[in-house]
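Subject: Structure handover

Hello,

Please find the structure below, followed by notes on what was found in it.

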Amino acid sequence: MQNRLGIDMGGATLYAAAPGCGLVLKDPAVVALDRDTGRIVAAGAAAEQKLNMPDRRFSLSRPFTEGLTKSPEVLRTVLRTCLVTAGGGNDTDLILSVPCDIGDSEEELIGEIAEELGAASCHLVYAPLAALAGTFLRLPAGCLIVDIGATHTNVMLLCRGRIYYMKTVDVGGQTFDRAIAEYFQKYRKISISLRTAEQIKMKVGSVWAGSMGKSMEVRGRDHAGREVKAKVTSAELYDSLERPLSMILEAIFVAVTKIPSEFVSTVFETGIQLSGGGSLLDGLEQMVVGVTGVSAARVDNPVGCVALGLAEMFDILPENIPSAFRNVSEIYIKHAGGTGLGDTNE
């Protein structure tokens with residue numbers, strides 16, 4: 001049984017890692033609801049299996065799309081399923097990732113739910129900071145980290161152990177999926193599922209004009225419900241993907257303007273680090289460089305680095321941190337060689 005778990009509370013998938021074990025869980029962050037009663041009947045992979053049942057009694061919901069604490073009961077169900085599936089149980093110490101814009105009351109609610117489920121302790125860390133911990137052996141002297149999840153993008157500027165800027169943008173990988181689906185509906189008069197849109201994004205989607213030569217065949221349905229086939233190219237999708245990307249690029253650009261003058265060379269040397277599943281979008285690195293003038297690179301394990309970083313933190317954070325210190329981002333920075341939280345105002 002795992003007695004210490006780091007859990008990446010991503011919008012589409014929950015990843016869990018244990019110290020010395022690496023990733024121990026990848027589970028969909030979804031719940032199945034009874035269509036008649038609205039009751040939660042399953043979570044995770046078991047929830048997705050409910051959709052394959054012939055009676056169509058169940059609907060699928062992605063509870064974290066509108067925030068971690070939108071529905072406490074759903075959060076409780078998802079976290080309980082995650083703990084059981086990952087091999088956690090009573091007296092498990094947890095560190096969970098959270099977005100940069102989370103409030104104190106939300107942090108406390110998440111911690112209380114985890115402890116209600118039997119966790120010995122539950123502490124929280126900003127997602128981009130966890131991504132750094134899962135990427136570097138020690139925190140860089142200066143770094144701009146951009147974690148693009150399924151539903152949100154978190155941007156953090158870290159210089160000499162101080163967080164100088166952080167921002168959460170309500171744009172993520174699923175935003176690009178919806179943009180592709182809307183393109184087909186509006187311009188091709190074809191309805192496609194978000195899963196199909198995601199496949200299109202991964203195979204031919206690009207936000208860089210230099211890689212527009214890809215194409216693929218797509219299956220969807222016309223207005224009469226008939227199955228149809230269509231060919232789509234990277235060039236066709238460029239405009240629809242560029243619109244949501246502009247919000248991410250704006251947040252990154254603002255972060256670059258917040259770099260203190262004495263740390264400009266340090267941050268430029270490290271470059272902008274891109275993590276999260278959304279960072280896999282073709283051409284993203286080139287667009288970031290083009291807009292900011294700063295080098296950008298995708299981290300080695302963009303999807304798993306947050307969970308892996310959370311697991312690494314157990315050996316750096318002091319033991320027996322009081323539960324009153326729910327968010328331990330500042331404490332981690334201090335013990336990882338930094339000094340704490342700086343000016344994070346825009």
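Ala32 stands opposite Leu60 in strand S6. The model is a predicted one, in which local features need pLDDT of at least 70 and side-chain atom pairs count only at pLDDT 80 or more, while totals for chains, interfaces and linings use all residues. Residues are numbered from 1 along each chain as its sequence is written, and side-chain values use heavy atoms, with hydrogens and water left out.

The sheet

Strands (E, at least two residues) and helices (H or I, at least four) are DSSP runs numbered from the N terminus; two strands pair if DSSP finds at least two bridges between them. S4 (residues 31-34) and S6 (residues 58-61) pair in the antiparallel sense over four bridges, and Asp34 has Phe58 as its bridge partner in S6. S4 also pairs with S5 (residues 40-43), again in the antiparallel sense, over three bridges; here Val31 stands opposite Ala43. Five residues lie between S4 and S5 in this hairpin, and Gly38 in the turn has a positive phi of about 75°.

Together the three strands form an open antiparallel sheet in the order S5-S4-S6. S5 and S6 are the edge strands, each pairing on one side only. From one strand to the next the twist averages 30° (angles run from 0 to 180 degrees between N-to-C directions, and axes are lines fitted to C-alpha atoms, for helices over the stretch in contact). Helix H2 (residues 72-85) packs on the sheet and touches S4 and S5, its direction making about 40° with that of S5.

Helices H5 and H6

The axes of H5 (residues 173-188) and H6 (residues 194-204) come within 8 Å and cross at roughly 100°. H5 is therefore roughly perpendicular to H6 (the term covers 65 to 115 degrees).

Salt bridges

There are twelve salt bridges in the structure, each a side-chain nitrogen of Lys or Arg within 4 Å of a carboxyl oxygen of Asp or Glu. One of them joins Arg4 and Asp315, with the closest N and O atoms 3.6 Å apart. This pair links distant parts of the chain, 311 residues apart: Arg4 is in strand S1 (residues 2-9), and Asp315 is in the loop between helices H10 (305-313) and H11 (329-335).

Confidence

The mean pLDDT (the predictor's confidence in each residue, from 0 to 100) is 90, and 94% of residues reach 70 or more. Over residues 339-346 the pLDDT is below 50; this stretch has 25 contacts in the model beyond near neighbours in sequence.

Regards

How values were computed
Contact = heavy atoms within 4.5 Å. Parallel < 35°, antiparallel > 145°, perpendicular 65-115°, else oblique.
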